[in-house]
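Hi,

Here is the structure I promised to pass on. Have a look at it first, and my notes follow below.

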Amino acid sequence: MKLKELHALMQDIEPFAQPKVQLEQYPTGADIASRMLYTIEAMYNDIEGNVVVDLGTGTGMLAIGAALLGSPCVLGLDVDPDALDVAQDNCEQFEDPLPIDFLLCDVSQVQQQRRLQADTVIMNPPFGTKLKGADMAFLRAACSLRPKQVYSLNKSSTRSHIQKVALKELGCSSAEVLAELRYNLPATMRFHKQASVDIEVDLWRFELPAAAAAAAAAAA
């Protein structure tokens, strides 16, 4: 699937009806979401044929995109039941059923979900402006699932800290910024004074040790 086609399929996905400030529910637009997912699949083939978990799925933008790109099984997790209702409605707008399930789950409880497995984790986590450390809590939860790889959008200003935590604390075998993007943040909250703000974000790829060992074995 070409990027243009993916974007067209994703552009009608509905955003949050009433975004919640404390959860930093800012919409992941079809433009940045489609570019993120297309890059992941084009560079690494980590979506098609892979079990994908979308942490903090919100209204299902990334989960739906992953299903459209060929994941046979996608699970979207979120702590907000209202967001999951919108996500389910978004899935139902497609004629063919999408292989997506949703689970009401706080990111702090992910490690307790013993049966939860993933090849690839994708996420656009909170930046941590309202709840300090929320971005890193998502990364820790993602790595606790022991997937082969994790992809995440994070503020570029946190780059050095994220890399340090990923490599030294979480034991990732690699932590690489694949692309520098601009996240167009529309005015969705009462305190927003500008119509929109561009935020510099990094598209990260974190590789877990088991995946690195498998790749080395395949190359030998």
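A quick definition to start: a residue is buried at under 20% relative accessible area, exposed at over 50% and partly exposed in between, with a 1.4 Å probe and protein chains only. By that cut-off, 48% of the 220 residues in the protein chain are buried.

Do keep in mind that this is a predicted model, where local features need pLDDT of at least 70, side-chain atom pairs count only at pLDDT 80 or more, and totals for chains, interfaces and linings use all residues. Numbering starts from 1 along each chain as its sequence is written, and side-chain values use heavy atoms, leaving out hydrogens and water.

Now the fold. The protein chain has seven helices and seven strands (DSSP runs numbered from the N terminus: H or I of at least four residues for helices, E of at least two for strands). Their order along the sequence is α-α-β-α-β-α-β-β-α-β-α-β-β-α.

I'd start with strand β2 (residues 73-78), where five of the six residues are buried. Five bridges link β2 to strand β1 (residues 51-55), and the two run parallel; strands count as paired if DSSP finds at least two bridges between them. Within β2, V74 is the bridge partner of V52. Between β1 and β2 the chain passes through helix α3 (residues 61-68), in a right-handed β-α-β crossover. Right-handed here means that, with the strands pointing away from the viewer, the path from the first strand over the helix to the second runs clockwise.

Strand β3 (residues 100-104) is also parallel to β2, joined by five bridges, and its L104 stands opposite D78.

Cheers
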